[in-house]
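Good morning, and thank you for making time for this presentation. Please keep the sequence and the structure in view as I speak.

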Amino acid sequence: MKSFISSKDIPPKERLIFALDVPSTEEAESLIESLGDSVSFYKLGLQLFMTGGYFQLIEKLQKLQKKIFVDLKLFDVPETVKNAVEQLQIRNVDFATVHGNDDIMSAAASVKGNTKILAVTVLTSLDKGDMTDLGFNCDVHQLVLSRARRALSLGCDGVISSGLEVRELRESLDEKLLVITPGIRPASNAWPKDDQKRVVTVQDAFSNGADYVVIGRPIRAAKNPRAAAEEIQRQIEAVFSLPPLLGVK
Ligand code: C5P
């Protein structure tokens with residue numbers, strides 16, 4: 001059977017993206033310092049954006065040679081989204097998320113430079129009932145697939161997908177699609193239930209075909225965040241050091 005393990009040329013260490021969801025730049029800086037070289041890729045979202053100091057923090061991280069994922073889910077008229085993406089690519093941001101229809105995605109892709117544009121397909125917090133309320137009378141899985149296909153054809157680079165849906169994307173879409181998977185939880189039952197409903201382990205996310213995993217709380221809330229990140233890096237290293245045949249599922 002076909003292996004879905006990513007064969008893209010991505011250093012294993014960069015496949016862990018840490019979600020820096022903290023309420024202040026001071027907390028962010030102290031976390032960055034304690035994580036040291038256990039994390040090479042940081043995702044900065046809306047919470048941090050609202051604190052002030054967002055772009056200074058990005059510059060600091062870039063000086064430390066870290067990669068940056070700006071997760072602000074840009075959604076506005078195409079011209080405004082285009083101008084915003086242009087700013088991000090001038091700042092050498094590595095990944096940015098964009099929401100919206102074909103024109104919005106094309107506008108973002110037209111100025112992306114070296115910034116990879118990730119499309120939000122269907123927010124994982126929306127279920128069939130919510131979609132009906134929004135006027136979409138269709139199967140959510142089909143909508144995710146069709147939006148991912150369109151995103152790629154419009155020049156976007158990838159999508160955010162739960163670890164349970166990534167295999168479906170891999171089965172039907174071009175391999176070049178980047179898939180970034182949040183909702184990762186440790187294999188043991190040690191982690192209490194939280195708001196992430198469709199969770200998978202690091203190993204399962206990559207076996208199903210993810211290129212990157214986004215992990216926040218299992219690192220941030222650990223007694224020793226650095227040790228938690230190092231343990232995840234060991235698990236990633238183990239997946240990507242398997243000979244190709246052993247990686248086949
Ligand atoms: O703390 P946790 O590991 O659940 O972190 C999840 C991160 O991934 C958060 O920053 C959240 O915004 C992001 N995310 C998500 N589900 C999506 C898209 C992004 O949890 N569908």
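Predicted model: local features only at pLDDT ≥ 70, side-chain atom pairs only at ≥ 80, totals over all residues.

Lys 43 has Phe 69 as its bridge partner in strand E3.

Which way do its side chains point? Phe 41 and Lys 43 point one way from the strand, and Tyr 42 and Leu 44 point the other way.

Thr 25 is found in H1. With a relative accessible area of 14%, Thr 25 is buried, since buried means under 20%. What does Thr 25 contact, once neighbours within four places in sequence are left aside? The residues are Leu 48, Thr 51, Gly 52, Gly 53 and Leu 57.

I return now to E3 and follow the pairing onward. Three bridges join E3 to E4, again with the strands running parallel. Phe 69, already named as the partner of Lys 43, stands opposite Phe 95 in E4. The chain crosses from E3 through H4 to E4, and this β-α-β crossover is right-handed. How enclosed is E3 by the rest of the structure? Six of its eight residues are buried, so E3 is largely enclosed.

Two backbone angles in this region deserve a remark. Most residues other than glycine have a negative phi. Lys 73, which lies in strand E3, has a positive phi of about 45° although it is not a glycine. Its relative accessibility is 33%, and Lys 73 therefore counts as partly exposed. Gln 65 is found in the loop between helix H3, residues 54-63, and E3. Its phi is near 65°, a positive value in a residue other than glycine. Is Gln 65 buried or exposed? At 67% relative accessibility, Gln 65 counts as exposed.

Next, the nonpolar interior. In soluble globular proteins, nonpolar side chains tend to be buried together. In this model the largest nonpolar core has 62 residues, and those with the most contacts inside it are Leu 20, Tyr 42, Leu 44 and Leu 169. Helix H7, residues 140-153, gives the most to this core, with seven residues. Apart from it lies another core, of eleven residues, among them Ile 10, Ala 19, Leu 178 and Ile 180.

Leaving aside neighbours within four places in sequence, its contacts include Ile 17, Phe 18, Leu 20, Ile 32 and Leu 35. Its contacts also include Leu 61, Lys 66, Lys 67, Ile 68 and Phe 69.

Within H7 I would point to Leu 143. Leu 143 is buried, with a relative accessible area of 13%. Not counting residues up to four places away in sequence, Leu 143 touches Val 122, Met 131, Phe 136 and Cys 138. Leu 143 and Met 105 are 38 residues apart in sequence and, C-alpha to C-alpha, 16 Å apart in space.

Met 105 takes us to helix H5, residues 102-110, where the buried residues are Ile 104, Met 105, Ala 107, Ala 108 and Ala 109. What covers them? The cover includes helix H4, residues 78-90, strand E4, residues 95-98, strand E5, residues 116-119, and H7.

I close with the chain as a whole. The chain has eleven helices and eight strands. Its radius of gyration is 18 Å, close to the 18 Å that the globule rule gives for 249 residues, so the chain is as compact as a globular protein of that length. The C-alpha atoms fill a box of roughly 45 × 45 × 35 Å along the principal axes. Of the 249 residues, 47% count as buried. Among contacts between residues at least 6 apart in sequence, 66% join residues at least 24 apart. The accessible surface comes to about 12500 Å², of which 53% belongs to carbon and sulfur atoms.

Methods: Residues numbered from 1 in each chain as written. Heavy atoms only, no water. Core = buried A, V, L, I, M, F, W, Y, C linked by side-chain atoms within 4.5 Å. Buried < 20%, exposed > 50% of the residue type's maximum accessible area, 1.4 Å probe, protein only. Helix = DSSP H or I, 4+ residues; strand = E, 2+ residues; numbered from the N terminus. Contact = heavy atoms within 4.5 Å. Pairing = 2+ DSSP bridges. Rg over C-alpha atoms; globule rule 2.2 N^0.38 Å. Areas by Shrake-Rupley, 256 points an atom, 1.4 Å probe, with all protein chains shown as cover. Right-handed = clockwise from strand over helix to strand, strands pointing away.
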